[in-house]
Amino acid sequence: MTNPTEGRDRKTFGKSAPKRGGKSFDARDKYERGSLKYGRRPSSGDDKNEDKARSFVQKRRLNKIEKDVHKDTIRLNKYIANSGICSRREADELITQGLVEVNGIVVNEMGYQVQKTDKVVFDGQGITPEKPVYVLLNKPKGYISTTKDDKARKTVMDLVANASPYRLFPVGRLDRSTTGVILLTNDGHMTKKLTHPSFDAKKIYHVTLDKKLTNEDMRLIVEGIRLDEGIAVVDQISFIEGKPKNEIGIEIHIGWNRVIRRIFQRLGYEVEALDRVMFAGMTKKNIKRGHWRILTELEVNNLKML
């Protein structure tokens, strides 16, 4: 990361402006992420085949999850693995060590079948057999990021109603007017990890302002804008190459409420559009606005290793 007080004449995205970090918010990169703002790339037979392949993979993942839901019994090691504690092989070791109880009785029998109504306890804590599900949504404008709303407004849950037989929860929030990538899951441990301040989840936004951002105001943002919670630290900010100076790329890790909108409002700007293009390494590439997909095993493993 670059010292914000040095090198203020550095080039960013083809234009002279201060910034932090070394990534690029090149509009072409944004285009490749799949934003409808830049339209669709010309379709081809290969694109259609890729869409069919992705659709097939998504259906297979959903079918696999639903099969587990409809089973009356489940092997104890799979029950434990589905709870997210460990792998099946590691669960076998826990069982043989007598660390797992079913209905108050220690079970060390390999292959033991558990009913859904059984109470399973590991390390003094009750566990559930829900298989973790991770759904990536490209949120459109007009939806709020909560599981329900007292005012009967549309929520992100309406968009992912068919994504999982389990109840999902949004990881963090995007306000009603903000669009872009948001993760939903039933993995409470992962949710806590990604939303905890110490995790510092990186988020990249495409900001459209009501007027051009001056170099002086960009310099002030780099140095830090004081808000009610303290100094808002921006990891990287710059103009987007090939776009007007009212379109800004900004990377941030703090999770204060409406922090980006408030940063620009403090300097006399209004945010006309705010689109999150990346969250914790995940992008909305190939996800149309209002659509979702299930994360791959590789993506889930990457999240767990962050």
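**Exercise 1. Find the loop that holds Ala152, and say what stands out about its phi and its exposure**.

Step 1. Ala152 sits in the loop between strand S9 (134-139) and helix H5 (156-159). Helices (H or I, at least four residues) and strands (E, at least two) are DSSP runs, numbered from the N terminus.

Step 2. Look at the backbone. Ala152 is not a glycine, yet its phi is positive, about 60°. Most residues other than glycine have a negative phi.

Step 3. Check exposure. Ala152 has 70% relative accessibility and counts as exposed. The cut-offs are these: buried is under 20% relative accessible area, exposed is over 50%, and partly exposed is in between (1.4 Å probe, protein chains only).

A note on the model. This is a predicted model, with residues numbered from 1 along each chain as its sequence is written. Local features need pLDDT of at least 70 and side-chain atom pairs count only at pLDDT 80 or more, while totals for chains, interfaces and linings use all residues; side-chain values use heavy atoms, with hydrogens and water left out.

**Exercise 2. Ala280 also has a positive phi**. **Is Ala280 buried or exposed?**

Step 1. Ala280 is in the loop between strand S17 (271-279) and strand S18 (282-283).

Step 2. Read its phi. The value is near 50°, positive in a residue other than glycine.

Step 3. Apply the cut-off. Ala280 has a relative accessible area of 11%, so Ala280 is buried.

**Exercise 3. Which residues of helix H4 are buried, and what covers them?**

Step 1. H4 spans residues 88-96, and Ala91, Leu94 and Ile95 are its buried residues.

Step 2. Ask where they point. They lie on the same side of H4, because they cover an arc of only 100° around the axis. The arc is that of the directions from the helix axis to the C-beta atoms.

Step 3. Find the cover. It includes helix H3 (76-82), strand S4 (100-102) and strand S7 (120-122).

Step 4. Zoom in on Ala91. Its relative accessibility is 0%, so Ala91 counts as buried. Leaving aside neighbours within four places in sequence, Ala91 is in contact (heavy atoms within 4.5 Å) with Asn77, Ile80 and Cys86. Ala91 and Asn77 are 14 residues apart in sequence but 5.1 Å apart in space, C-alpha to C-alpha.

Step 5. Contrast Glu93. Glu93 is also found in H4. With a relative accessible area of 44%, Glu93 is partly exposed.

Step 6. Look past the helix end. Just after H4, Gly98 takes a positive phi of about 75°.

**Exercise 4. Describe the surroundings of Ile85**.

Step 1. Ile85 is in the loop between H3 and H4.

Step 2. Its relative accessible area is 35%, so Ile85 is partly exposed.

Step 3. Leaving aside neighbours within four places in sequence, Ile85 is in contact with Ile80, Phe122 and Ile127. Ile85 and Ile127 are 42 residues apart in sequence and 8.9 Å apart in space, C-alpha to C-alpha.

**Exercise 5. How do helices H6 and H9 cross?**

Step 1. The axes of H6 (residues 188-195) and H9 (residues 297-305) come within 10 Å and cross at roughly 55°. Axes are lines fitted to C-alpha atoms, for helices over the stretch in contact, and angles run from 0 to 180 degrees between N-to-C directions.

Step 2. Name the angle. That value makes H6 oblique to H9. Angles under 35 degrees count as roughly parallel, over 145 as roughly antiparallel, 65 to 115 as roughly perpendicular and the rest as oblique.

Step 3. List the contact. Met190, Lys193 and Leu194 of H6 meet Leu303, Lys304 and Met305 of H9.

**Exercise 6. Which residues touch the most other members of the largest nonpolar core?**

Step 1. Define the set. A nonpolar core is a set of buried Ala, Val, Leu, Ile, Met, Phe, Trp, Tyr and Cys residues joined through side-chain atoms within 4.5 Å.

Step 2. The largest core has 39 residues, and Val207, Ile237, Ile260, Ile263 and Phe264 touch the most other members. Helix H8 (residues 259-266) gives the largest share of this core, four residues.

Step 3. Apart from it lies another core, of 16 residues, including Val171, Met190, Leu194 and Leu303.
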